[in-house]
Amino acid sequence: MSCCNTKTNEKPLCYCFNISENAYLKALKSGKGKVLKDFVVFQTKHNYCNCENLNPSKQCCLKAFKALEISQKMKTDA
């Protein structure tokens, strides 16, 4: 899983901790998505993120985690 200080060429999901969409999808498929998302939630709650400066949208990525979960669920339910 790509996280933290490792740079990837994949589409970013979390800019603060360098988590790609692909890494989160793999975590979801392996049943470890909650662990990865909980890590980001913890960091956010304790103000360890820097979304305003790192994310081009200047917004927190947690909505993007949820959107990816929903789109993945729709694919598996179809």
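These legends go with several close-up views of a predicted model.

Residues are numbered from 1 along each chain as its sequence is written. Because the model is predicted, local features need pLDDT of at least 70 and side-chain atom pairs count only at pLDDT 80 or more, while totals for chains, interfaces and linings use all residues; side-chain values rest on heavy atoms, with hydrogens and water left out.

**View 1. The whole protein, to get your bearings.** Four helices and two strands make up the list of elements, and reading along the sequence gives β-β-α-α-α-α. Helices here are DSSP runs (H or I, at least four residues), strands are runs of E with at least two, and both are numbered from the N terminus. Of the 78 residues, 31% count as buried. Buried means under 20% relative accessible area, exposed means over 50%, and partly exposed is in between (1.4 Å probe, protein chains only). Take the contacts with a separation of 6 or more: residues 24 or more positions apart account for 41% of them. A contact means heavy atoms within 4.5 Å.

**View 2. Where helix α1 meets helix α2.** Here you have α1 (residues 21-29) and α2 (residues 33-45), whose axes come within 7 Å and cross at roughly 130 degrees. The axes are lines fitted to C-alpha atoms, over the stretch in contact for helices, and angles run from 0 to 180 degrees between N-to-C directions. The two helices are therefore oblique to each other. That label is what remains once angles under 35 degrees are called roughly parallel, over 145 roughly antiparallel and 65 to 115 roughly perpendicular. On the α1 side look for A23, Y24, A27 and L28; they meet G33, L36 and K37 of α2. Sorted by class, this contact has five nonpolar, one polar and one charged residues. Ala, Val, Leu, Ile, Met, Phe, Trp, Tyr, Cys and Pro count as nonpolar, Asp, Glu, Lys and Arg as charged, and the others, Gly among them, as polar.

View 3. A23, Y24, L25 and A27 are the ones to find in α1, as they are buried. Their cover includes β1, β2, α2 and α4. Now zoom out to the largest nonpolar core, which has 15 residues; C14, I19, Y24, V40 and F65 touch the most other members. Two or more residues come from each of β1, α1, α2 and α4, and α1 gives the most, with four. A nonpolar core is a set of buried Ala, Val, Leu, Ile, Met, Phe, Trp, Tyr and Cys residues joined through side-chain atoms within 4.5 Å.

**View 4. Two pairs of aromatic rings.** The count comes to two aromatic pairs. Rings of Phe, Tyr and Trp (its six-membered ring) pair if their centres lie within 6.5 Å; planes under 30 degrees apart are stacked, over 60 edge-to-face and the rest tilted. With ring centres 5.3 Å apart and planes at 75 degrees, F17 and F39 are edge-to-face. F17 sits in the loop between β1 (12-14) and β2 (19-20), and F39 sits in α2, 22 residues apart. F17 is buried at 11% relative accessibility, whereas F39 is partly exposed at 28%. Y24 and F65 are the other pair, edge-to-face too, at 4.6 Å centre to centre and 70 degrees between planes. Y24 is buried, with a relative accessible area of 1%, and F65 is buried at 0%. Leaving aside neighbours within four places in sequence, Y24 also touches other residues, including L13, L68 and E69.

View 5. Q72 is in helix α4 and counts as buried at 15% relative accessibility. Setting aside neighbours within four places in sequence, Q72 contacts L25 and K29. Q72 and L25 are 47 residues apart in sequence, yet 7.9 Å apart in space, C-alpha to C-alpha.

**View 6. Two loop residues with positive phi.** N47, in the loop between α2 and α3 (51-54), has a phi near 55 degrees, positive although the residue is not glycine. N47 is exposed, with a relative accessible area of 66%. K58, in the loop between α3 and α4 (62-77), has a phi near 65 degrees, again positive in a residue other than glycine. K58 is exposed at 51% relative accessibility.
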